[in-house]
Amino acid sequence: MRTQALGAGLVAQSQFAMAPFRLHRPTTIEDARAIVSEHPDAVIAAGCSDLVAQIREGCAPQALVSLQKVDALRAIRHEAGVLHIGPMVTHYAGSTDETVGNTIPNLAAAWASIATVRIRYTATVGGNLMARRYRYEMPLLLGALGADLVFDAGATTRPVASLWADSVSAQRGLLTDITVRTDDLVWFGYERSMRPTATVALAVRRNPDGTLQVRAQAGSEYRHGFALTADICVGDLDPLEVSAQLAQQLPDDCADYTGSAEYRRHLVRVLTRRLLTAACAQLKGTKTT
Ligand SMILES: Cc1cc2nc3c(=O)[nH]c(=O)nc-3n(C[C@H](O)[C@H](O)[C@H](O)COP(=O)(O)OP(=O)(O)OC[C@H]3O[C@@H](n4cnc5c(N)ncnc54)[C@H](O)[C@@H]3O)c2cc1C
């Protein structure tokens, strides 16, 4: 037991009182942007499922900007071959959304598999990305899909992979949209059966010259995702060969205390082979899972 910071008496060790902070509750993107630029140290709050952990880890906001009332950030639309996903879309809303399901069915299916029921109704895709935790999965799914993150209503656009670049971490701003090109997307899938040790998201796109581009993100709970790519002719999409080609691109620093680089490459080869087998089945017009 210990005494609370605000003198509320004795509490369990796992509890503590937060210092007072100013709460901003904008209702429009413009207002949210204005508050964030006026208070650069303000902490943005979406579903707060990760923020609670951050506060336990020492984050002590003086100002909090809650995005809960900014309905425009919950929009999902498919326009001119691009899927737009608002950062305030919850895991539940995104995985059950008709537009997502119609445009990239396996994204909806993969999205439906992450987090627990209670969390899925509050946790958002924007929070999952911006928390920048290796163990979160949306950076892998959206990274393989080559998604772009749109900040401050279009002032800056960056690929998902930029989340891991420390140089930009201090100047990220307000995430206002997530865009995924669908016009050249042939197939997408996700394998998390070996989580937490290895997970792989994989997208197949058609290049303008008719060849295929395979783009995968291989991650684990302990290391950020690694991008793996291969350009191949349609007839050469041999799951065995292409999975070996992708897995060998994993650098030695994919290793950690739970698995050597060699073991990780083996797992990624197995998972990408499964995904590519499903992709091939669809390309040949066979029903896939
Ligand atoms: C029990 C449990 C199980 C979970 N299981 C999984 C799982 O299986 N797979 C998985 O991937 N994740 C899992 N998670 C993590 C969960 O998905 C994330 O905590 C959640 O997505 C974060 O979203 P949020 O809306 O709660 O973000 P918040 O906690 O509100 O914010 C997280 C961070 O993002 C920033 N942020 C939020 N929105 C924006 C924005 N629009 N612009 C700029 N910055 C922003 C905040 O400032 C903060 O730093 C789990 C979490 C819990 C508690």
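A residue counts as near a molecule if one of its heavy atoms lies within 4 Å of it. In this predicted model, 28 residues are found around the ligand, and of these Ile44, Gly47, Ser49, Thr124 and Glu137 come nearest. The space that the ligand takes is the largest pocket, and the elements giving two or more residues to the shell around the ligand are β4 (43-45), α2 (51-56) and α7 (125-130).

**The shell around the ligand**

- Among the elements, α7 gives the most to the shell around the ligand, contributing 3 residues.
- By residue class, the shell around the ligand divides into 16 nonpolar, 8 polar and 4 charged residues.

- A polar backbone atom of leucine 51 is 2.7 Å from an oxygen atom of the ligand.

**Aromatic pairs**

- A search of the whole structure finds 3 aromatic pairs, and one of them is formed by tyrosine 92 and tyrosine 121, which are stacked at 4.4 Å centre to centre with 20 degrees between the planes.
- Because tyrosine 92 lies in helix α3 (residues 91-96) and tyrosine 121 in the loop between α6 (117-120) and α7, the pair ties together parts that are 29 residues apart in sequence.

**Backbone geometry**

- Most residues other than glycine have a negative phi, and most peptide bonds are trans.
- Alanine 80, although it is not a glycine, has a positive phi of about 50 degrees, and this residue lies in the loop between β6 (76-79) and β7 (82-85).
- Arginine 195 and proline 196 are joined by a cis peptide bond with an omega of about 10 degrees, and proline 196 lies in the loop between β11 (185-194) and β12 (198-206).

Notes
Residues are numbered from 1 along each chain as its sequence is written. This is a predicted model: local features need pLDDT of at least 70, side-chain atom pairs count only at pLDDT 80 or more; totals for chains, interfaces and linings use all residues. Side-chain values use heavy atoms; hydrogens and water are left out. A polar contact is a pair of N or O atoms within 3.5 Å; within protein, one must be able to donate a hydrogen and the other to accept it, and residues adjacent in sequence count only if both atoms are side-chain atoms. On a 1 Å grid over the protein atoms alone, a cavity is a set of points where a 1.4 Å probe fits but cannot get out, and a pocket is an open set with protein on both sides within 12 Å along at least five of seven lines; lining residues have an atom within 4 Å of a point. A molecule sits in a cavity or pocket if more than half of its atoms lie within 2 Å of its grid points. Helices (H or I, at least four residues) and strands (E, at least two) are DSSP runs, numbered from the N terminus. Ala, Val, Leu, Ile, Met, Phe, Trp, Tyr, Cys and Pro count as nonpolar, Asp, Glu, Lys and Arg as charged, and the others, Gly among them, as polar. Rings of Phe, Tyr and Trp (its six-membered ring) pair if their centres lie within 6.5 Å; planes under 30 degrees apart count as stacked, over 60 as edge-to-face and the rest as tilted.
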